[in-house]
Amino acid sequence: MRLILQLMLLVTLRLPLLSASQTMPPEADKQLALSIYKQIIEIKSGFTTGATTPVAEAMADRLRTAGFPASDIYLGGAIPKKFNLVVRYHGSGAAKPILLLAHTDVVEAKPEDWSMDPFTFVEKDGYFYGRGTADDKAQAAVWIANLIRYKREGFKPDRDIIVALTADEEGGGPYNGVEWLLKNHKDLIDAEYCLNEGGWGEMAHGKKISNDIQVSEKYVLNFRLEVHNKGGHSSMPVPDNAIYHLAGALDRMSRFAFPLKINDVTRVYFERMSKIQTGPIAAELAGVAQGSPDAMQRVAAASTAWNATLRTTCVATQLEGGHALNALPQLAAANVNCRVLPEDSVDFVHNSLKKVVADDQVDVKLLSQFVQSPPSPLRPDVLKAINRVTDSLWPSVPSVPMMVMGATDGRYLRAQNIPTYGVQGFFMDTDDMRMHGRDERMSVQAFYEGQTFLYELVKILAKPTA
Ligand SMILES: [Zn+2]
């Protein structure tokens with residue numbers, strides 16, 4: 001409750017900062033960001049087939065040319081193909097550094113699946129096209145372009161600004177740059193907090209709705225449901241059948257739902273959403289923010305996204321079983337993929353599934369587990385600065401703290417006490433999200449506005465004593 005009050009106060013404290021004409025960066029800085037963006041989109045850095053090292057090296061070149069000393073630029077990674085770049089722009093040291101993070105790997109893109117070459121940067125009809133234009137090379141390009149601009153302008157921050165462009169966010173794995181840096185060079189990226197991907201601007205039919213801030217995320221668990229049976233000839237069936245055991249378990253699971261819950265982050269989210277939405281749903285969302293169980297039921301039923309915001313979810317995603325057309329199955333198995341609220345434990349989810357399955361023949365085995373991370377605290381300084389810049393660039397568009405369903409590298413940092421906020425200021429149409437999909441794109445206007453947003457935001461955050 002205290003957090004809600006703080007946030008409501010912050011909303012009223014918004015101050016005008018920029019005029020509307022200043023949403024675009026100066027021409028030279030637009031050109032710089034654009035040329036960096038184009039350069040890194042055209043480097044093939046697919047998670048499984050590509051390399052991030054050429055991206056890191058190209059950015060190191062740019063920084064050295066702009067006058068950054070070699071001693072402030074670090075290149076390295078888990079393997080030679082998967083290098084990360086870390087650069088430090090020195091402040092007075094009055095406050096602890098901030099970390100600006102973006103990943104440089106992308107989801108694979110096959111040219112035959114696209115209507116253009118995914119690794120050729122194209123500007124067409126008001127959009128930039130190419131794999132990574134939204135996820136996450138726009139933010140990577142903007143971090144570097146803005147850092148070069150701060151240096152050129154002689155900006156003197158109270159704290160070091162660290163930019164880290166890292167490998168293998170998509171799918172994590174052994175070469176994940178953030179995990180590797182935390183393990184091997186934590187001093188390079190240690191910071192009071194971090195800004196990252198994970199929150200963007202939401203638009204509907206070209207109208208800006210909200211500027212989202214990702215402050216927490218669900219974590220992922222996979223379970224294997226497995227039934228073994230001695231099998232036999234299919235001409236003499238018995239009721240004790242592996243497939244029937246599994247089917248029964250999955251059927252029970254399909255009718256089960258985890259309890260509806262609200263936490264500090266989602267409470268503020270629903271509170272803000274109740275002011276954005278119109279019609280009867282607005283009152284329902286306010287009811288959710290107040291913790292009304294009936295309102296939670298109705299809101300969860302109204303939207304799959306809100307349902308997933310209010311509870312842990314588990315769903316069957318893969319199935320296997322049987323070994324011959326004419327044999328009783330000796331094996332039946334399914335994968336169940338769970339997206340877990342930060343406050344729900346692994347044991348809670350595991351035990352709940354066992355209870356729902358309610359069949360000794362069905363083994364419920366925990367397969368893999370992502371790093372579980374706490375929510376970032378709703379820091380008034382960070383949220384106030386985001387509000388202020390959002391309001392000056394896009395008056396009447398609220399900034400909304402969120403818990404997201406997808407995972408980002410923020411989880412590694414949050415787990416090591418570096419609070420991480422996903423915020424970009426790139427506005428995208430919620431009906432046409434193309435991250436990880438075909439013909440990925442970013443609107444030209446959104447890119448430059450995001451460049452301005454992040455430039456102003458970091459400038460404020462880097463001077464906490466101002
Ligand atoms: Zn991403």
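Strand 2 (residues 83-89) is mostly covered, with seven of its seven residues buried; a residue counts as buried if 20 or more other C-beta atoms lie within 10 Å of its own, as exposed if 12 or fewer do, and as partly exposed in between, the C-beta atoms being placed from the backbone. The structure is a predicted model, in which local features need pLDDT of at least 70 and side-chain atom pairs count only at pLDDT 80 or more, whereas totals for chains, interfaces and linings use all residues. Residues are numbered from 1 along each chain as its sequence is written.

In a regular strand the side chains alternate between the two faces of the sheet. In strand 2, both faces are covered: Phe 83, Leu 85, Val 87 and Tyr 89 are buried on one side, and Asn 84, Val 86 and Arg 88 on the other. Strands (E, at least two residues) and helices (H or I, at least four residues) are DSSP runs numbered from the N terminus, and two strands are taken to pair if DSSP finds at least two bridges between them. Strand 2 pairs in the antiparallel sense with strand 1 (residues 73-77) over five bridges, Val 86 being the bridge partner of Tyr 74. Five residues separate strand 1 from strand 2 in the hairpin that they form. Antiparallel pairing also links strand 2 to strand 6 (residues 161-166), again over five bridges; here Leu 85 has Leu 165 as its bridge partner.

By an automatic or database domain assignment, the chain is divided into domain 1 (2-217 + 374-461) and domain 2 (219-258 + 312-369). The C-alpha centres of the two domains lie 40 Å apart. Six residues of domain 1 are in contact with four residues of domain 2, contact requiring C-beta atoms, placed from the backbone, within 7 Å.

An open, antiparallel sheet is formed by four strands in the order 12-14-10-15. Its edge strands, each pairing on one side only, are strand 12 (313-321) and strand 15 (362-369). Neighbouring strands are turned by 25° against each other on average, direction ignored; axes are lines fitted to C-alpha atoms, for helices over the stretch in contact, and angles run from 0 to 180 degrees between N-to-C directions. Strand 12 pairs with strand 14 (residues 331-340) over eight bridges, and Gly 321 has Ala 332 of strand 14 as its bridge partner. Helix 7 (residues 242-254) packs on this sheet, touching strand 10 (219-228), strand 12, strand 14 and strand 15, with its direction at about 20° to that of strand 14. Helix 12 (residues 346-357) lies across strands 10, 12, 14 and 15 and runs at about 155° to strand 15.

Key. Contact = placed C-beta atoms within 7 Å.
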